[in-house]
Amino acid sequence: MSKFFEGERLEAAVAKIAEYPQKRSAILPLLHMVQDDLGYVPRDAMREIAALIDLTPAEVLGTASFYTMFRFEERGKHLVSVCGGISCMLLGSHELYRKMLDHFGVASHGTTPDGTFTFELMECAAACGGAPAVEVDYLFFENVGPDEGVKLLEDIKSRGLEAVHAERGSVTAPLSPGAVEAIEAGPSPRTADPRAQSPEAMS
Amino acid sequence: MADLVLTKRMIERPDDSWTIVAYEETGGYAALRQALGDMSPEQVHEEVKASGLRGRGGAGFPTGVKWGFLPEGEFPRYLVVNGDEGEPGTFKDRMLMERDPHQLVEGAVISAYAIGAEHVFIYCRGELRNAYERLCRAVAEAQEKGYIGSSVLGSGFGVRVTVHRAAGAYICGEETALLTSLEGYRGWPRLKPPFPAVKGLYASPTIVNNIETLSNVPWIVRNGGAAYAAMGTEKSPGTRLFCLSGHVNRPGNYEIELGTPFREFFDRWGQGVRDGGRVKAFIPGGASAPWLDSSSLDLPMAMEALDSVGSMLGSGAIVVMDETTNVVRPVWNLVHFFAHESCGQCTPCREGTHWLEDILERIVEGRGRRADLDLLLDVADNISPGLGWPPAQTTICVLGPSACAPIWSTLHLFRDDYEALLPAESEVAAGA
């Protein structure tokens, strides 16, 4: 296998390392560079990273293996991360996940036979206001109903992630529908100034 | 109604609030000019102290006081911004990074000036691709415009800003684990003391502040600390972003004045519970906070009020559950989360959280035993002796005790839910 860090990639890595007062801090950014390109981090790439920042390969693996985002084996073309956190679970995300797996005939955390999707049930995705939430290659889709998940993935498979995300995905955390009303609602109707309330009075 | 401190721009310009153009057109970077032009670092620090601003990451420590812990005359110093948002129920920092990254960058640069930091690191959660990309773009734009650099706006004050992408480890939201991670190691928390202010990043004096905390700073500089302190309650001044989720009709992030009662928040902004139901349980401040029931609905949303009932306002994440909910499955969900995220350093947490998860799993699956309820408390007590909040701990950080809080608080409030899942005595006898 040819080297990963050559030419422009090597230049980018050197620039990244220079951003930090100590080289070792660049471990995660360099691992991300590899994974963003290849979808996973091969052992040889970790050897290269070790050489770039004066560590042993074992030290790089020791750090990398702590972080759940890094994968050390090839995965499908798209990573489908269904949020399993409490708010998404309360609104049916575990059932949504199960339906996707059943439809594509794969086990939890498995990859479809055609290599299109690898699935995972992720920890809280920070999208609780849009529960149930799904990330595809770390791009958000929110308020995904139990029957919509499969349709969404089939759509991505036939039309591509970019096109589907542009139409259906959340480019950013949605503003709360009530946020504007909250300003217009005027003073809060609470009867007493909370400053006057002692902790005893509250309990 | 109080002024909106954090979300005014994103509400008024929903289509481009994250761009440098929108930011400058709506008064952006005026606070930085003001701070560098008219104020000494000490004066900026004084305004933040006067504002009474308290940390928005969970612990609620007064920001100005924290800055004051830096040892005099020791350099280099670092400012680290905690954007590793991952506390279940919390989704406000993501919104601030995605929708108003320049507000954060301006707040961070002003704060670096106040504390004499030469380098700012923004530690952004890895799974938030859009947030990371927008932050990187905002930093590049700010650099081009001279808001970041070796002499910011020609003032002679120099600062670098690096956006650091994390890689999926909740524990790195704990400030010492975050620093260990930023140094390129496994994200293990460190014993305190020494506190980061004394020995933090690369063993240098370091301040770690949350995204929302620092996003308040431009407003405080422009309007003065006293104006900020005039909002909210005496001990919890200002506004705050509350993340509302679960069984409400209108979940979302809402910036409201501290001190609003939960009931009003749920009814007015959340538009009530789904299907016309009622609140059975709610988590008042993120996954680590002890749960409350409907008898606590009239509490004001202020740090001191939650402290007084043995819970906390924490990260500002509120998860509501309606009366159709059996609480044990959501509790199991949280305990699974903490067991998964335990870093493995301390035995009580590494072993105990998995035992708690196993016991809850068999209860949820209908294989529980009556003695399991006391066993849960017994195991939890070994992680967090006394089972109270704020917690006693046998561990370096509070992750272990956080896993216990949902258990002991719900066993106290909703023991019937646990008992309902236990097999009937006759089945147990028949199986024995």
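In this predicted model, Tyr202(B) is buried, with a relative accessibility of 12%. The cut-off for that class is under 20%. Phi of Tyr202(B) is positive, at about 50 degrees, although the residue is not a glycine. Tyr202(B) sits in the loop between helix 9 and strand 4 of chain B.

A positive phi also occurs in chain A. Asp54(A), likewise not a glycine, has a phi near 60 degrees. Its loop runs between helix 3 (43-52) and helix 4 (57-64) of chain A. Asp54(A) counts as exposed, because its relative accessibility is 57% and the exposed class starts over 50%. Most residues other than glycine have a negative phi, and most peptide bonds are trans.

Two cis peptide bonds were assigned in chain B. One joins Phe75(B) and Pro76(B), with omega about 0 degrees. Pro76(B) is placed in the loop between helix 5 (63-67) and strand 1 (78-83). The other leads from Lys192(B) to Pro193(B), and its omega is near -5 degrees. Pro193(B) belongs to the loop between helix 9 (175-182) and strand 4 (206-210). Tyr202(B) is found in the loop between helix 9 and strand 4 as well.

The overall make-up was computed for chain A. This chain holds 10 helices and four strands. The order from the N terminus is α-α-α-α-β-α-α-β-β-β-α-α-α-α. Chain A has 203 residues, and 52% of them count as buried. Among its contacts with a separation of 6 or more, 60% link residues 24 or more positions apart. The accessible surface of chain A is about 9100 Å². Carbon and sulfur atoms contribute 52% of that surface.

Terms used: Residues are numbered from 1 along each chain as its sequence is written. Chains are lettered from A and ligands numbered from 1 in the order in which they are written. This is a predicted model: local features need pLDDT of at least 70, side-chain atom pairs count only at pLDDT 80 or more; totals for chains, interfaces and linings use all residues. Side-chain values use heavy atoms; hydrogens and water are left out. Helices (H or I, at least four residues) and strands (E, at least two) are DSSP runs, numbered from the N terminus. Buried means under 20% relative accessible area, exposed over 50%, partly exposed in between (1.4 Å probe, protein chains only). Contact means heavy atoms within 4.5 Å. Accessible areas come from the Shrake-Rupley method with a 1.4 Å probe; for residues, only the protein chains shown count as cover.
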